[in-house]
Amino acid sequence: MHARSHGWQNQSWVSEFILLGFSRDPTTNSILFIVFLLIYLCSVLGNGLIIMLICLDSQLHTPMYFFLCILALLDMCYVTTTMPQMLVHLLAHSQTISFAGCWLQMYVFGSLATTECTLFVVMAYDRYVAICYPLRYTVILNWGLCTRLAAGTCVCGFLSALLHSFFTMSLPYCGPNKVNHYFCEGPAVRSLACMDTHIIEMVDQLLTVFMGIIPISLIVASYVHIAMAIMKIKSTQGRCKAFSTCASHLTVVTLFYVPATYIYIRPNSSYSPERDKQISLFYNAFTALLNPMVYSLRNKDIKRAFLKLIGHVRVD
């Protein structure tokens, strides 16, 4: 108890953190700046295009594309939470971030990422209803339910991230302030605390299980039922069509969940800064970049809406 109160009193010992990023070499940083700038711009433009197509094309006003639109918005927002600052730090002499700025970045990023975790469950449920109950799809997934599901994912994400950020940033930081990362991610910052973080680590892992493992389990359960329904379809063409509607979702879920679960569920004792920085790029930068490609390249409706937008298809 004494150690905890001592930590709360001395939380202001560190007023700012230094984000070490990827390299100290100016030439390497210049190359990384160009690479990450292109990744960031492509991510924002790709997800922005998905949002615009879904909003403008009335034929895409269905539950599946409603949730896809929210996914694209989340990707745009959470990549913007980290990438612009990383780009500035790649060229600037100073790589500092204030204590409050670090807390805010950790909270916003965590909120958006956790919201995306729960949104994947909703998207799996959407595919489950579409394939297992096709005739009742629009009745079951009515707009009222879709809105409540979307709001629920946001509430879950922002509340759970608040607990994670609060526990991490309430630790005493009284000495080292160099974060070996390119943004204020919980495990990287927590490794600098001036006290034993075992209890906080256990609480954090419980939150990860609740907001990570449970959604994964629900997604797997949905796809078990989906697979059973697909196997009952007699025509090969029908089975392929049903599976193709799920392939994109399974791809983005894998790209997001595998690295994110590794970062947050393994113990602090196995923390490896260089490896963790590289792994976090997958669910931070690369998923936001790849999601629009995965959905657009495999989706005839998105392609049709894009061609209509650029005038290759006559609008009735």
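User: How many aromatic pairs does a search of the whole structure find?

Analyst: The search of this predicted model finds 19 aromatic pairs.

User: What decides whether the rings of Tyr78 and Phe109 are stacked or edge-to-face?

Analyst: The general idea is to look at the angle between the ring planes, since planes over 60 degrees apart count as edge-to-face. In this structure the ring centres of Tyr78 and Phe109 lie 5.6 Å apart with their planes at 85°, and the pair is therefore edge-to-face.

User: Where in the chain do Tyr78 and Phe109 sit?

Analyst: Tyr78 belongs to helix 3 (residues 63–91) and Phe109 to helix 4 (residues 99–132), so that the pair, 31 residues apart, links distant parts of the chain. Both Tyr78 and Phe109 are buried, and both belong to one aromatic cluster that also includes Phe22, Phe120 and Tyr257.

User: Which geometry do Tyr128 and Tyr133 show, stacked or edge-to-face?

Analyst: Tyr128 and Tyr133 form an edge-to-face pair, with 5.8 Å from centre to centre and 80° between the planes.

User: Why is Tyr128 called buried, and why is Tyr133 called partly exposed?

Analyst: The general idea is a cut-off on relative accessible area, where buried means under 20% and exposed means over 50%, with partly exposed in between. Tyr128 has a relative accessible area of 19% and is therefore buried, whereas Tyr133, with a relative accessible area of 36%, is partly exposed.

User: Is Thr114 buried or exposed, and which residues does Thr114 touch?

Analyst: Thr114, which is placed in helix 4, is buried because its relative accessible area is 14%. Leaving aside residues up to four places away in sequence, Thr114 touches Gly157, Ser160 and Met211.

Key
Residues numbered from 1 in each chain as written. Predicted model: local features only at pLDDT ≥ 70, side-chain atom pairs only at ≥ 80, totals over all residues. Heavy atoms only, no water. Phe/Tyr/Trp six-rings, centres within 6.5 Å; stacked < 30°, edge-to-face > 60°. Helix = DSSP H or I, 4+ residues; strand = E, 2+ residues; numbered from the N terminus. Buried < 20%, exposed > 50% of the residue type's maximum accessible area, 1.4 Å probe, protein only. Contact = heavy atoms within 4.5 Å.
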